[in-house]
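Student: Hey, could you walk me through this one? I'm new to it and would like to just ask things as they come up.

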Amino acid sequence: MTPAQETEELAARAAAGDPVALDLLLGRIRPEVVRRCGRFLPHREDAEEAAQDVLLQVARRIGTFEGRSRFSTWLYTVVANCSRQKYRELKRRRAEQPLLMEETDVTDPRRTSVIAGTSIDLLEALERLESASPELVAPLVYRDICQMDYGEIAERMGIPLGTVKSRLHKARREVRRWLEETTA
């Protein structure tokens with residue numbers, strides 16, 4: 001049995017209520033979850049916090065995993081949602097304490113992570129995209145950040161493959177335009 005098949009088996013057992021399988025599953029997926037959260041959040045501390053949120057959500061909601069799609073596909077959705085939520089939380093904190101960075105000489109990654117780097121620019125663009133065309137966000141996140149294949153995305157979203165590709169094309173076009181605006 002491959003490691004991916006073992007993970008799927010653990011997920012199925014955990015979803016059925018096996019606490020030992022859940023513990024094993026959480027330990028197995030943790031490194032991958034941290035790595036995937038790091039694609040959203042450039043500072044390791046922020047990615048690790050988001051990863052803890054993901055693992056907590058998996059533990060709480062594993063019973064909702066029905067096995068209609070692969071566990072990895074289900075997990076990517078949780079990772080994307082928790083990472084984006086962590087970003088919003090960090091951004092909110094930054095807005096609430098705008099003068100704190102100017103008053104201190106010590107840089108706190110929890111405050112600087114929301115204003116530095118191209119990953120943050122992408123997250124800003126994703127927020128704009130969600131406001132303008134929410135149906136375009138999921139295909140972009142699944143394909144370009146979670147690196148899922150088109151078939152998995154179509155299966156996960158319950159839409160035809162052509163629709164996935166069309167939405168992805170539109171999303172990339174919009175995000176590219178916004179990113180070019182911010183760098184110009």
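Student: Let's start with cysteine 37. Is it buried or exposed?

Tutor: Cysteine 37 counts as buried, because its relative accessibility is 0%. Keep in mind that this is a predicted model.

Student: And what about cysteine 82, buried or exposed?

Tutor: Cysteine 82 has a relative accessibility of 11%, so it counts as buried.

Student: How many disulfides does the structure hold?

Tutor: It holds zero disulfides. Cysteine 37 is in none, and the nearest cysteine sulfur to its own is that of cysteine 82, 7.2 Å away. Cysteine 82 isn't in one either; its nearest cysteine sulfur belongs to cysteine 37, at that distance of 7.2 Å.

Student: Okay, zooming out. How many helices and strands are in the chain?

Tutor: The protein chain has 10 helices and zero strands. Read from the N terminus, the elements go α-α-α-α-α-α-α-α-α-α.

Student: What share of the residues is buried?

Tutor: Of the 184 residues in the protein chain, 36% count as buried. The accessible surface comes to about 10100 Å², and 51% of that belongs to carbon and sulfur atoms.

Student: Which residues have the most contacts inside the largest nonpolar core?

Tutor: Those are Ile29, Val33, Val54, Val58, Ile62 and Phe71, in a core of 51 residues. The helices that each supply at least two residues of this core include H1 (3–15), H2 (19–40), H3 and H4 (71–96). The largest share, 10 residues, comes from H4. As a general point, nonpolar side chains tend to be buried together in soluble globular proteins.

Student: Val54 is on that list. What is it in contact with?

Tutor: Leaving aside neighbours within four places in sequence, valine 54 is in contact with Val33, Cys37, Leu75, Val78, Val79 and Cys82.

Student: Which residues of H3 are buried?

Tutor: In H3 the buried ones are Asp46, Ala47, Ala50, Ala51, Val54, Leu55 and Val58. In general, an α-helix has 3.6 residues a turn, so residues three or four places apart point the same way.

Student: And how far apart are the ends of H3?

Tutor: Its end C-alpha atoms are 25 Å apart. At 1.5 Å a residue, the 18 residues of H3 (residues 44–61) should span 26 Å, which agrees.

Student: Back to Val78. Where is it, and what does it touch?

Tutor: Valine 78 sits in helix H4. Its relative accessible area is 14%, so it is buried. Not counting residues up to four places away in sequence, valine 78 touches Val54, Gln57 and Val58. Valine 78 and valine 33 are 45 residues apart in sequence, but 9.6 Å apart in space, C-alpha to C-alpha.

Student: What about lysine 86, buried or exposed?

Tutor: Lysine 86 is buried, because its relative accessible area is 4% and the cut-off is under 20%. Lysine 86 is in helix H4.

Student: What does its side chain make polar contacts with?

Tutor: There's one of 2.8 Å with the side chain of glutamate 49, and one of 3.1 Å with the side chain of glutamate 89. Beyond four places in sequence, lysine 86 touches Leu41, Asp46, Glu49, Ala50, Asp53 and Arg93.

Student: New topic: H8. Which of its residues are buried?

Tutor: Val137, Pro139, Leu140, Val141, Tyr142 and Ile145.

Student: Last one: what caps the N-terminal end of H9?

Tutor: Aspartate 149 does, with a side-chain oxygen 3.2 Å from the backbone nitrogen of glycine 151. Within H9, Glu152, Ile153 and Ala154 are buried. After H9 comes glycine 158, with a positive phi near 70°.

How values were computed
Residues are numbered from 1 along each chain as its sequence is written. This is a predicted model: local features need pLDDT of at least 70, side-chain atom pairs count only at pLDDT 80 or more; totals for chains, interfaces and linings use all residues. Side-chain values use heavy atoms; hydrogens and water are left out. Helices (H or I, at least four residues) and strands (E, at least two) are DSSP runs, numbered from the N terminus. The expected span of a helix is 1.5 Å times one less than its number of residues. Buried means under 20% relative accessible area, exposed over 50%, partly exposed in between (1.4 Å probe, protein chains only). A disulfide is a pair of cysteine sulfur atoms within 2.5 Å. A nonpolar core is a set of buried Ala, Val, Leu, Ile, Met, Phe, Trp, Tyr and Cys residues joined through side-chain atoms within 4.5 Å. Contact means heavy atoms within 4.5 Å. A polar contact is a pair of N or O atoms within 3.5 Å; within protein, one must be able to donate a hydrogen and the other to accept it, and residues adjacent in sequence count only if both atoms are side-chain atoms. Accessible areas come from the Shrake-Rupley method with a 1.4 Å probe; for residues, only the protein chains shown count as cover.
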